[in-house]
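Hi everyone, thanks for making time.

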Amino acid sequence: MDTAAGTRRERLRGSTLDEILGVARRQLVAGGPTAISLRAIAREMGMTAPALYRYFESLDKLIEALVAACYDDLTAELEAERDRHLDQPVGVRMIECSRAFRRWALAHAPEFSLLFGTPIPDVSTEPEGASEEAGRRFGAVFGAMFVELWATRPFAVPADDEIEPRLAEGLRECRTKMGIGDLPLGAVLAYMSSWVKLYGAVTMEVFGHLKFATEDGEPLFELTLREIGTTLGIELAQGRS
């Protein structure tokens with residue numbers, strides 16, 4: 001009986017947490033990150049503010065949970081796209097996941113801004129909190145595929161001693177944080193430069209910074225993918241799959 005009652009309480013608490021995060025996400029979409037308000041959420045849900053604080057003790061904690069939820073949403077999209085192409089070479093999977101990343105970002109611009117844009121003023125998250133863990137899960141999707149790519153089709157990269165020492169030091173730290181084994185620093189550099197190109201292309205399009213040149217960012221994005229493919233030794237078929 002006690003176990004059943006505990007399970008019901010856990011389900012109720014989980015349902016309430018999901019509802020709180022759902023309301024917070026609607027606030028984010030409607031007004032941006034600074035529109036998220038614990039008191040406004042409590043009013044919409046018919047709760048008192050003290051009752052809501054039993055679930056999230058501060059706005060910081062709520063934002064951290066929302067960031068984690070958005071990361072998990074994005075990660076699920078990438079994993080689904082990856083799995084739809086399991087019969088394809090890993091390079092194809094990486095490119096298709098890159099396209100999925102762009103699609104998600106364009107369809108969820110406020111959430112993308114929360115994850116990858118300017119931090120919310122006066123809001124801080126814990127270095128090893130839920131949002132950081134969710135971010136690592138997101139990064140691991142691309143990271144694992146890159147490790148597989150290097151294992152199956154290594155490509156030409158500069159030797160460690162050919163990389164500028166300060167950059168090499170940062171790449172070593174990056175390699176450790178990403179948990180991508182003992183890949184040569186040149187391979188890590190190729191990975192990071194490819195991410196910079198992908199992130200830069202998507203960010204500029206999402207934030208409307210390409211409109212001075214084009215209203216349709218897809219052709220430029222596809223060109224960016226070809227540049228990434230050249231860097232990583234991935235052969236892209238002509239046209240979209």
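**Where two helices meet**

I'd like to start with a pair of helices: Leu167, Ala168, Leu171, Arg172, Cys174, Arg175 and Met178 in H8 meet Leu185, Val188, Leu189, Tyr191 and Met192 in H9. Contact here means heavy atoms within 4.5 Å. Sorted by type, the residues of this H8 with H9 contact are 10 nonpolar, no polar and 2 charged. For that count, Ala, Val, Leu, Ile, Met, Phe, Trp, Tyr, Cys and Pro are nonpolar, Asp, Glu, Lys and Arg are charged, and the others, Gly among them, are polar.

A quick word on the ground rules. This is a predicted model, where local features need pLDDT of at least 70 and side-chain atom pairs count only at pLDDT 80 or more, while totals for chains, interfaces and linings use all residues. Residues are numbered from 1 along each chain as its sequence is written, and side-chain values use heavy atoms, with hydrogens and water left out.

Back to our pair. At what angle do H8 and H9 pack? Helix H8 covers residues 165–178 and helix H9 residues 185–206, and they pack at about 80°, with axes 9 Å apart. The axes are lines fitted to C-alpha atoms, for helices over the stretch in contact, and angles run from 0 to 180 degrees between N-to-C directions. H8 and H9 are therefore roughly perpendicular to each other (that label covers 65 to 115 degrees; under 35 is roughly parallel, over 145 roughly antiparallel, and the rest oblique).

Zooming out, the protein has 10 helices and 0 strands. These are DSSP runs, numbered from the N terminus: H or I of at least four residues for helices, E of at least two for strands.

Now for the inside. Of the 241 residues, 41% count as buried, meaning under 20% relative accessible area, with exposed over 50% and partly exposed in between (1.4 Å probe, protein chains only). In the largest nonpolar core, with 66 residues, Leu62, Leu78, Phe101, Phe146 and Leu232 touch the most other members. Such a core is a set of buried Ala, Val, Leu, Ile, Met, Phe, Trp, Tyr and Cys residues joined through side-chain atoms within 4.5 Å. Helix H4 (residues 59–84) gives this core its largest share, 10 residues. Leaving aside residues up to four places away in sequence, Leu232 touches Met94, Phe146, Leu149, Phe155, Ala190 and Ser194.

Last stop: Ser15, in helix H1 (residues 2–31). Ser15 is partly exposed, at 44% relative accessible area.
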